[in-house]
Each structure stands twice: as C-alpha cells, then as structure tokens.
Amino acid sequence: MNKLLTLAAFSLREILAAPAYRVLMSSTIVIGIGAMAISNLFLLETIKVELDFLWLGISLLATVYMLVVATGLLAQDFTQGIAYLFLPHMPRQIYLLARVSGIVAGLLLLLALMAAVATAIVTWGLHHTPTAQTHGIVWWSPVMLTGMALLQSLTVLSIVIFTCSWASGLVEMILFSTVFTGLAYLLPSVIQAMTSAEVMTQVPGWTAMLIHAVDYLFPDMTGAQMALAVVHGLPVPSTELAWFVVSQAGYIMILTAAGFLIFARRDL
C-alpha cells in the first residue's frame with residue numbers, strides 16, 4: 001500500500017509539472033470568459049447559453065486531458081523504459097494502479113477548478129438574469145454537469161488504459177485512443193438514428209435484430225439528454241440517469257480489466 005501511494009503521489013507531481021496540464025488548467029479561465037462573452041450575444045436564454053458552453057468546455061477539457069496527458073504518461077512508461085525503474089520493486093498490477101490513481105487525482109483537480117469557475121460564473125449570471133429566464137436553474141447546475149463529465153472521462157481513461165496496454169508507440173497510442181473514443185461517442189448516435197421506426201420498417205428482421213444488439217452493446221456515452229435537462233432547468237429523467245451510470249460503469253470495468261490483464265503479459 002505504501003508503494004502504491006508513493007508512486008501515485010509521484011505520478012501526480014509529474015502530471016502537475018507537465019506543460020500540457022498547465023495549459024489545461026489555464027484553459028478553465030478561458031472557457032469561463034468565453035461562456036460569458038458568447039452568452040452576452042443572446043438577448044434571451046443567456047444563462048442557458050452559458051451552461052451549454054460550459055458543458056462543452058468541461059467535456060472537451062476532460063477528454064483532452066485523458067487523450068494527451070494520461071496517454072503521454074503511460075506511453076512514456078511503456079516505450080521509454082520508465083516502467084523498468086519501478087517494476088522490480090512491485091507487481092505490474094500495483095504499478096499500473098498507482099499510475100492510474102495519479103492520473104485520476106490530476107483529473108479531479110482539473111475538474112474541481114473548472115467546477116469552481118463555472119459555478120462562480122453561473123452564480124453571477126443568476127443574479128443578473130431575469131427570474132423568468134432562470135426557472136429550474138440553480139447555482140450547483142455546473143457541479144451536476146461536472147459529475148457527468150467525470151464519469152465520461154473515466155470511461156475515456158479506461159479506453160486509454162486498454163489501448164496503451166498493447167499499442168507500441170506514443171503516436172499509435174494517441175491515434176487508437178482517439179479513434180476508439182470517437183467511435184464510443186459517435187456510434188451510439190448513429191445507431192439510435194438507425195433504430196427509428198422509419199428505418200426499422202425498411203430493413204430485414206435479422207438486420208433489425210443486429211442493429212438493436214449493437215445499440216445495447218454501445219450505449220450513449222454523451223449523456224446529451226441529461227445535460228440538456230440540466231441546462232434548461234428540467235428534472236433529469238431517473239431512468240436515463242441510471243442507465244447512463246450503469247453503462248459507463250460497464251465500459252470502465254470491462255476495458256480496465258482487459259487493459260490490466262494485457263499489461264500483465266506485455267513485453268516491456
């Protein structure tokens with residue numbers, strides 16, 4: 001346990017010192033200013049536009065962190081021999097778990113700062129927006145969006161762990177992680193469009209069964225409907241929220257377990 005915590009703390013310090021991470025931390029202020037500037041272009045729905053922009057910024061910030069900072073850290077370990085410094089002193093699973101723990105700690109700090117900036121902006125907006133336009137929107141709405149982004153980014157992290165466990169170079173790791181993440185985001189939307197009643201009536205029965213099977217295997221990773229409800233001050237559908245959490249947890253457990261198993265047998 002001491003070795004795990006020591007290596008996790010070392011990993012966090014390494015991430016905090018990375019130039020890319022500092023750029024992302026600075027970007028939280030840029031996203032906040034951008035949300036205020038863009039929302040002022042709209043005479044109505046100002047606070048909702050702010051929340052929309054903040055949700056986009058939070059999601060992009062967390063995703064870029066995983067695809068650039070997290071992938072870069074793991075690629076450095078696996079391709080430059082950094083792992084050799086630690087593996088003689090601990091099992092591979094403990095080593096990878098410590099590295100992942102440091103990555104998660106860096107993510108939590110980044111999202112905490114973004115949530116604080118977003119909450120301050122929304123609180124200011126609520127005090128300067130007519131009550132009729134803020135119905136259902138509360139100052140902690142950005143915190144809810146940040147929680148959704150956290151779950152999303154942990155799913156992206158599981159994709160990164162799985163990819164880095166078998167890929168052989170930095171470019172390959174970033175490329176495949178980005179492609180797999182893009183598919184995880186976009187494929188469910190395409191499948192959802194294909195499962196519409198108009199499409200289902202035009203395809204053979206076996207094709208419809210195949211499309212529905214793929215639909216269940218690749219649930220919506222964006223949480224777009226729930227984010228839309230939060231932004232517009234509507235109640236979040238409990239069924240969709242439960243399915244979102246369960247599906248993301250399934251992604252995370254399966255891909256992370258596969259990544260750990262492959263890494264345990266990988267030649268370094």
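Which residues do ring pairs link into a cluster? The residues are Phe162, Trp166, Phe176 and Phe180. Rings of Phe, Tyr and Trp (its six-membered ring) count as a pair if their centres lie within 6.5 Å.

This is a predicted model, in which local features need pLDDT of at least 70 and side-chain atom pairs count only at pLDDT 80 or more, while totals for chains, interfaces and linings use all residues. Residues are numbered from 1 along each chain as its sequence is written, and side-chain values use heavy atoms, with hydrogens and water left out.

**Aromatic contacts**

The structure holds 5 aromatic pairs. The ring centres of Tyr95 and Phe263 are 6.1 Å apart and the planes stand at 25 degrees, so this pair is stacked; planes under 30 degrees apart count as stacked, those over 60 as edge-to-face and the rest as tilted. The pair links distant parts of the chain, with Tyr95 in helix H4 (residues 92-127) and Phe263 in helix H10, 168 residues apart. Helices are DSSP runs of H or I with at least four residues, numbered from the N terminus. Tyr95 and Phe263 are both buried; buried means under 20% relative accessible area, exposed over 50%, and partly exposed in between, with a 1.4 Å probe and protein chains only. The ring of Phe263 also has the charged end of Arg92 over it, 5.5 Å from the ring centre. Such a placement requires CZ of Arg, or NZ of Lys, within 6 Å of the ring centre and within 35 degrees of the ring normal.

**Salt bridges**

Side chains of opposite charge can pair when their charged atoms come close. Here a salt bridge is a side-chain nitrogen of Lys or Arg within 4 Å of a carboxyl oxygen of Asp or Glu. The structure holds 2 salt bridges, and a network of them links Glu14, Asp77 and Arg99.

| Salt bridge | N to O distance |
|---|---|
| Arg99 and Glu14 | 3.0 Å |
| Arg99 and Asp77 | 2.6 Å |

Because Arg99 lies in helix H4 and Glu14 in helix H1 (residues 2-16), their pair ties together parts that are 85 residues apart in sequence. The bridge from Arg99 to Asp77 likewise links distant parts of the chain, as Asp77 belongs to helix H3 (residues 46-79) and is 22 residues from Arg99. Arg99 is buried, with a relative accessible area of 0%. Asp77 counts as buried at 1%, whereas Glu14 is partly exposed at 24%.

Ser247 is found in helix H10 and is buried, with a relative accessible area of 8%. Its side chain reaches the backbone oxygen of Phe244 at 2.9 Å. Leu234 lies in the loop between helix H9 (224-231) and helix H10 (238-264). Leu234 is exposed, with a relative accessible area of 52%.

**A nonpolar surface patch**

Trp139, Trp140, Val143 and Met144 make a nonpolar surface patch of about 400 Å². Patches are made of residues with over 30% relative accessible area and no salt bridge; nonpolar side chains are joined within 5 Å, and like charges within 9 Å. Met144 is placed in helix H5 (residues 141-164) and is partly exposed, with a relative accessible area of 34%.

How values were computed:
Helix = DSSP H or I, 4+ residues; strand = E, 2+ residues; numbered from the N terminus. Polar contact = N/O pair within 3.5 Å; in protein donor to acceptor, adjacent residues only side chain to side chain. Areas by Shrake-Rupley, 256 points an atom, 1.4 Å probe, with all protein chains shown as cover.
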